[in-house]
Amino acid sequence: MTYKDILELPHSLYLATLKHNYIFDMEQTEEGREYLDKARKFANPRKHADLSAIRSFGGYNAVEKGGENLDV
C-alpha cells in the first residue's frame, strides 16, 4: 500500500492494520512471541468466576430466583 492509500483508509481499518502489523513483527523473534503469549493471558482471564473465592468474602449472600437463600 502506498502512503496515500493508508491515509485514505477508514480509521478503524487503519487501526486494525496497524495492530496486525505490530503482531506480525513481534512474532518474528522469540522475545516477541513470549511477550504476545503473556499479553494474551492477561487479555483473556478465566471465563468462569471462582465462586468459592467470592463466597469467602464477608457479607456475600446469594439468593436463588425462587427466593431460596443459597449462602453456605
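Colleague: Of the 72 residues of the protein chain, what percentage count as buried?

Modeller: Bearing in mind that this is a predicted model, 6% of the 72 residues of the protein chain count as buried. The accessible surface of the chain comes to about 6,800 Å², and 58% of that surface belongs to carbon and sulfur atoms.

Colleague: OK, and how many helices and strands does the chain have?

Modeller: There are four helices and zero strands in the protein chain, which gives the pattern α-α-α-α when the chain is read along its sequence.

Colleague: At what angle do α2 and α3 pack, and how far apart are their axes?

Modeller: The angle between α2 and α3 is about 125 degrees, and their axes lie 8 Å apart.

Colleague: Why do R40 and E27 count as partly exposed?

Modeller: R40 counts as partly exposed because its relative accessibility is 41%, and E27 is placed in that class because its relative accessible area is 36%. The class covers values between the 20% limit for buried and the 50% limit for exposed.

Colleague: What does D37 form a salt bridge with?

Modeller: D37 forms a salt bridge with R40, and the closest N and O atoms of this pair are 3.7 Å apart. D37 and R40 are three residues apart in helix α3, so about one helical turn separates them. D37 is itself partly exposed, with a relative accessible area of 42%.

Colleague: Which residues are linked in a network of salt bridges, then?

Modeller: The network of salt bridges links E27, D37 and R40, with R40 meeting E27 and also pairing with D37.

Colleague: How far apart are the closest N and O atoms of R33 and E30?

Modeller: The closest N and O atoms in the salt bridge between R33 and E30 are 3.0 Å apart. Both residues lie in helix α3, where they are three residues, or about one turn of the helix, from each other. R33 counts as partly exposed at 35% relative accessibility, and E30 is also partly exposed, with a relative accessible area of 44%. R33 additionally takes part in the contact between α2 and α3.

Colleague: Now the nonpolar side of things: which residues make the surface patch?

Modeller: M1, I6, Y14, L15 and L18 make a nonpolar surface patch of about 470 Å². Its largest share, three residues, comes from helix α2, which spans residues 11–26.

Colleague: Where is L18 found, and is L18 buried or partly exposed?

Modeller: L18 is found in helix α2, and because its relative accessibility is 45%, L18 counts as partly exposed.

Methods. Residues are numbered from 1 along each chain as its sequence is written. This is a predicted model: local features need pLDDT of at least 70, side-chain atom pairs count only at pLDDT 80 or more; totals for chains, interfaces and linings use all residues. Side-chain values use heavy atoms; hydrogens and water are left out. Patches are made of residues with over 30% relative accessible area and no salt bridge: like charges are joined within 9 Å, nonpolar side chains (Val, Leu, Ile, Met, Phe, Trp, Tyr) within 5 Å. Accessible areas come from the Shrake-Rupley method with a 1.4 Å probe; for residues, only the protein chains shown count as cover. A salt bridge is a side-chain nitrogen of Lys or Arg within 4 Å of a carboxyl oxygen of Asp or Glu. Helices (H or I, at least four residues) and strands (E, at least two) are DSSP runs, numbered from the N terminus. Buried means under 20% relative accessible area, exposed over 50%, partly exposed in between (1.4 Å probe, protein chains only). Axes are lines fitted to C-alpha atoms, for helices over the stretch in contact, and angles run from 0 to 180 degrees between N-to-C directions. Contact means heavy atoms within 4.5 Å.
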